[in-house]
Amino acid sequence: MADGFKTRKKALSRHGHWIERWKEGWAIYKKNLLGRIGLALLSIFTLMALASFIPPLIDPMYGPMSGVDPAITASTGPSARHWLGTDFMGRDLFSQLLAGARVAFTVGITSAFVSIVLGTLIGMVAGYLGGWTDVFLMRAADLIMVMPTLLVVLILAALFGQLNIWSIILIIALFRWPGVSRVIRAQTLTLKERPFIDAARVAGASHVRIIFRHIMPNVLPLSFLYMTFRVTAAINIEAALAFLGFGDPGTVSWGMMLQWVWKTGHMFKAPYWLLPPGICISLITLAFYLLGRAMDEVLDPRLRKEGERY
Amino acid sequence: MDSKTSPEILRLSEVTKTFRQSRSFFSGTKKIVTALNRVSFHIHKGEIFGLIGESGSGKSTAGRLIVHLDRPDSGKIYLNQKEITRLPGRAFRPLRSRVQMIFQDPYQSLNPQLSVFEAVEEPLVVHGKGKRARREDRVVEILDAVRLRPPERFFYRFPHQLSGGQRQRVAIARAMVLNPELVVADEPTSMLDASISIQIFDILLRLREDLDVTFLFISHSLAAAHYLCDRIGVIFRGHLVETGEGKAVITRPGHPYTQALMDALPRFACGEKGRRYNALLNTRRKPPAPSGCPFYPRCAKGKASLCSAHAPPFKEIEAGHQVACFLAG
């Protein structure tokens, strides 16, 4: 067989397995109504986050943080000039809402990603090595798990003054891995007993190789499932922090917007200001949650409705 | 195969392995299960040695000890006259390429996330054998040898896309790709249909011819052993009870347990010709003293005075055919 043919064929089929799995997964996913709703909501928020770059380009006064409408000195309701109205110093609420979507995605996805990377690694190592390593890592996980994340972040914020958004992301991530690692550890414990791990040992594979080559691909789908739930938690925590006044003062998040409403005494006077960020927080967490539930069904055939064929 | 002249590749000497079964957290009493009790046998280069026994008899444990998946409690294992029993994992790694294993269940022994090429290539990567292109050639070669043809078409298939027989052939290719000297085949066909089993046996026989490899074939089936093996060892509850040339053990079984196994084989189309040994007792006797013959409780021929008190030593009933029974011969 000619070499060229061989390599080209490989390029076509090397990742065929994953493409096929994605297609299968999508076929199951799209039958789930809640999953479709979640995905639709998420695409709306994605569009919002992408669109957040546009308003400041149109006019500097639409800058979410620093743009001030010179004609306005107090909070005003929706108008053609400001679709959702303005805040107490004349900043455009709609462009703030769009910027908030961007912050929500950044916070949610980054901290969820860091926490599942940590959780997956720790879970695999604890489950595979067992013994004292396992005891030590899992007790550490328990310790962190019982600490109320919000409270700890509040204390840290009080200690170090204003935290910037990346520190907040990192702290949330560091407090959210134990849940993931418990699940991954349990999965690793069952995988460890499967004969293909013995087969890898007979082939001469090292522990590192067994963990990354043989166990990791088998737990990764589960990690990604947990990532969607972690996103929800991260967004909520950041919003709560910001609302309580411990957010990053340099970013406009939905929690920040709520804090401004409250601080300036517009809580019950300006529903056009209070409601949009509140609704957005609820809907984006709902969207990730629905996404996770639908993915759960893709990964776990036992959750599918009886009699349904895919 | 002239096994008498060829050198010894593997020797087990008085190997014992016990497993502790902790019942539950509170009951505390630990049950000790003896999987292998002072088992000794050897395998000559180039032969297929069959280790036959019922499930739970410790035959798989013997295989796992040989490939260093478990360590024996006592006794010694020699590979090419060199003791490997107590070698730490790191020191044993270079020897890994010389002793490989085919596992029982091809549905479980292949990682569902690795393609055929990745699975078969892995031992080469681990042992640092050759550049990518060289490895590719080797994988093609070995897939061809196990009759997965054309090999390139199987490269990027995944276990779930293969039949049971194809999977087991991938597992065999994986074991063979390093050109091992000794391969432990742990019931390689117990999960497969009879017709597929014969194909697998023929592949093993051909591989022995082509690659000059020695097999330890572990099975519960005397029929399979008869088809494949040059020499057979019969194991009962962790005790080796009979070894000998394959034909001799099958046609002239000396130990009552081997005779009972022969009786258990279904026979048809041979009328009353099939000899029956009636070596198995219908009721169980009380277990003997720990020093007694392990088969005594089930043995129809056992003598209370002798068998229940003393362990029978190995006795040569004909050249190269040894039986651990007082009454044999």
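## Helix 9 of chain A and its surroundings

The buried residues of helix 9 of chain A pack against helix 8 (165–192) and helix 10 (207–243) of chain A, and also against helix 2 (89–96), strand 6 (99–102), helix 3 (116–126) and helix 6 (164–176) of chain B. Helices here are DSSP runs of H or I with at least four residues, strands are runs of E with at least two, and both are numbered from the N terminus. The model is a predicted one, in which local features need pLDDT of at least 70 and side-chain atom pairs count only at pLDDT 80 or more, while totals for chains, interfaces and linings use all residues. Residues are numbered from 1 along each chain as its sequence is written, and chains are lettered from A in the order in which they are written.

Eight of the nine residues of helix 9 (residues 195–203) of chain A are buried, so this helix is largely enclosed by the rest of the structure; a residue is buried if 20 or more other C-beta atoms, placed from the backbone, lie within 10 Å of its own, exposed if 12 or fewer, and partly exposed in between. The buried residues are A:P195, A:F196, A:I197, A:A199, A:A200, A:R201, A:V202 and A:A203. Just after helix 9 of chain A, A:G204 takes a positive phi of about 100°.

## Helix 6 of chain A

Of the 16 residues of helix 6 of chain A, the number buried is one, so this helix lies largely in the open. At 1.5 Å a residue, helix 6 (residues 131–146) of chain A should span 22 Å, which agrees with the 23 Å between its end C-alpha atoms; the expected span is 1.5 Å times one less than the number of residues.

## The contact between the chains

Chain B brings 23 residues to the contact and chain A brings 20 residues, where two residues are in contact if their C-beta atoms, placed from the backbone, lie within 7 Å. On the side of chain B that touches chain A, helix 2, strand 6 and helix 3 of chain B each supply at least two residues, and helix 3 of chain B gives the most, with three residues.

## The two domains of chain B

The domain assignment, which is automatic or from a database, divides chain B into domain 1 (8–22 + 31–108 + 180–250) and domain 2 (252–329). Their C-alpha centres lie 23 Å apart, and 14 residues of domain 1 of chain B are in contact with 17 residues of domain 2 of chain B. Strand 10 of chain B gives the most to the side of domain 1 that touches domain 2, with seven residues.
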